[in-house]
Amino acid sequence: MSELPIHVVPGTERHGVNEQALSIAHATGAEVVRTGDAVSAEHALHRMPGRPAHLHVTDHLWGRDPAAAAQRLVALAAGRRLTLTLHDLPQASDGEHRQARAAAYVAISDAAAGVVVCSRHEQRLLAATGSLAEPVVIPLAIDPSPRDRRPDGDRQVTISGFVYPGKGHAEAIDALVGLPPDVGLVALGQPSAGCEQLVDALRVTAAAMGRSFILTGYIEPNQWIPRLRSAGVPLAAHTHISASASIGSWIAAGRRPLVASSPYAHEIAEQAPSTVRIYEPSRLSEALLSALQDPASTWHDGTHGLPTTADAAARYVEWWASS
């Protein structure tokens with residue numbers, strides 16, 4: 001395919017999937033159409049019949065439920081060359097929602113002309129849904145930030161990204177028991193839509209333990225790296241990730257986060273061994289104490305074996321040309 005596909009991106013730029021979509025689209029030089037929501041995205045594509053398109057997909061962005069998202073995307077694949085990058089692949093931790101999400105991802109991936117996923121773990125998760133697609137793996141891009149002196153950490157445990165159930169904030173607060181009394185938890189970011197009550201519950205739990213819990217709220221893009229670099233203990237406590245921009249942000253900032261053991265965490269450690277410290281979830285408190293006692297262990301040397309945005313963009317362009 002000689003023509004770069006148009007990229008249609010629905011919803012807020014603050015969504016992690018949309019951030020990835022826009023970053024890759026701009027780096028490849030592809031045309032981008034921004035819309036307010038999935039309905040507007042659908043209408044935009046209908047006004048461009050036959051035009052090849054590439055979409056970054058999680059079912060939450062493309063429909064009111066997985067079935068609606070699948071119906072919309074399968075319809076968009078009819079009559080055009082539609083390629084997809086799939087995110088948030090269905091897995092057992094989805095509980096009662098897994099079956100519906102799996103069925104949607106099968107329909108979406110099998111209708112597409114080509115599929116990208118962001119980790120080998122996601123490749124396995126897609127196969128487990130029963131999809132016949134053979135996805136290409138293009139890892140999430142990590143662009144190292146300019147290096148300056150290492151600031152003194154604030155001694156707080158910090159989790160970056162959106163706050164939602166399962167992200168590990170509750171486990172991190174519980175693990176503060178036994179740590180020095182000045183150590184609390186910082187949630188660097190804002191709650192996902194509908195998760196405000198979770199934030200209230202985290203505050204109550206932390207207060208009952210005599211610990212601080214700080215939610216920073218939205219942070220401007222140019223402030224992310226400084227905040228990540230000034231954190232005391234960088235932590236990625238989610239045990240059910242399939243690929244993680246949050247971990248990538250820590251690495252980009254020069255930090256070596258504590259990462260809960262998971263297939264994806266071990267995949268990152270295999271590709272770039274010096275960039276993460278994997279801990280067993282049952283031993284989080286020990287891992288936090290170790291990091292507090294050895295701040296140097298929370299930094300890496302600035303090199304890694306993971307693709308930059310330029311690398312990832314080149315792989316996308318090569319893939320579109322050859323598929």
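Guide: On a 1 Å grid over the protein atoms alone, a pocket is an open set of points with protein on both sides within 12 Å along at least five of seven lines, a cavity is a set where a 1.4 Å probe fits but cannot get out, and lining residues have an atom within 4 Å of a point. The model is predicted, so local features need pLDDT of at least 70 and side-chain atom pairs pLDDT 80 or more, while totals for chains, interfaces and linings use all residues. Residues are numbered from 1 along each chain as its sequence is written, and side-chain values use heavy atoms, without hydrogens and water.

Visitor: What volume does the second largest pocket have?
Guide: A volume is the space filled by probe spheres set on grid points joined across faces, edges and corners. For the second largest pocket, this volume is about 180 Å³.

Visitor: Which residues that line the second largest pocket are the closest to its centre?
Guide: The lining comprises eight nonpolar, three polar and five charged residues (nonpolar: Ala, Val, Leu, Ile, Met, Phe, Trp, Tyr, Cys and Pro; charged: Asp, Glu, Lys and Arg; polar: the others, Gly among them). Of these 16 residues, the closest to the pocket centre are Asp152, Gly153, Gly232, Pro295 and Thr298.

Visitor: Which elements give two or more residues to the lining of the largest cavity?
Guide: The largest cavity holds about 60 Å³ of space, and its lining divides into eight nonpolar, four polar and no charged residues. Among the lining residues are Gln20, Ile24, Ala312 and Tyr316. The elements that give two or more residues are helix H1 (16–28) and helix H13 (helices are DSSP runs of H or I with at least four residues, strands runs of E with at least two, numbered from the N terminus).

Visitor: How are the rings of Tyr316 and Trp320 classed?
Guide: Both residues lie in H13 (residues 309–322), four residues apart, about one turn of the helix. Rings of Phe, Tyr and Trp (its six-membered ring) pair if their centres lie within 6.5 Å, planes under 30 degrees apart being stacked, over 60 edge-to-face and the rest tilted; the count comes to one aromatic pair. With centres 5.4 Å apart and planes at 45°, the pair of Tyr316 and Trp320 is therefore tilted.

Visitor: How far apart are the axes of H6 and helix H11?
Guide: Arg120, His121 and Arg124 in H6 meet Pro263, Tyr264, Glu267, Glu270 and Gln271 in H11, a contact with two nonpolar, two polar and four charged residues. The two helices pack at an angle of about 145°, and the distance between their axes is 8 Å.

Visitor: What is the average twist in the sheet with the order S9-S8-S7-S10-S11-S12?
Guide: This open sheet of six strands has parallel pairing, and its edge strands are S9 (213–215) and S12 (277–279). Within the sheet, S7 (residues 157–160) and S8 (residues 185–188) pair over four bridges, and Val157 stands opposite Leu185. From one strand to the next, the twist averages 25°.

Key
Axes fitted to C-alpha atoms, helices over the stretch in contact; angles between N-to-C directions. Contact = heavy atoms within 4.5 Å. Pairing = 2+ DSSP bridges.
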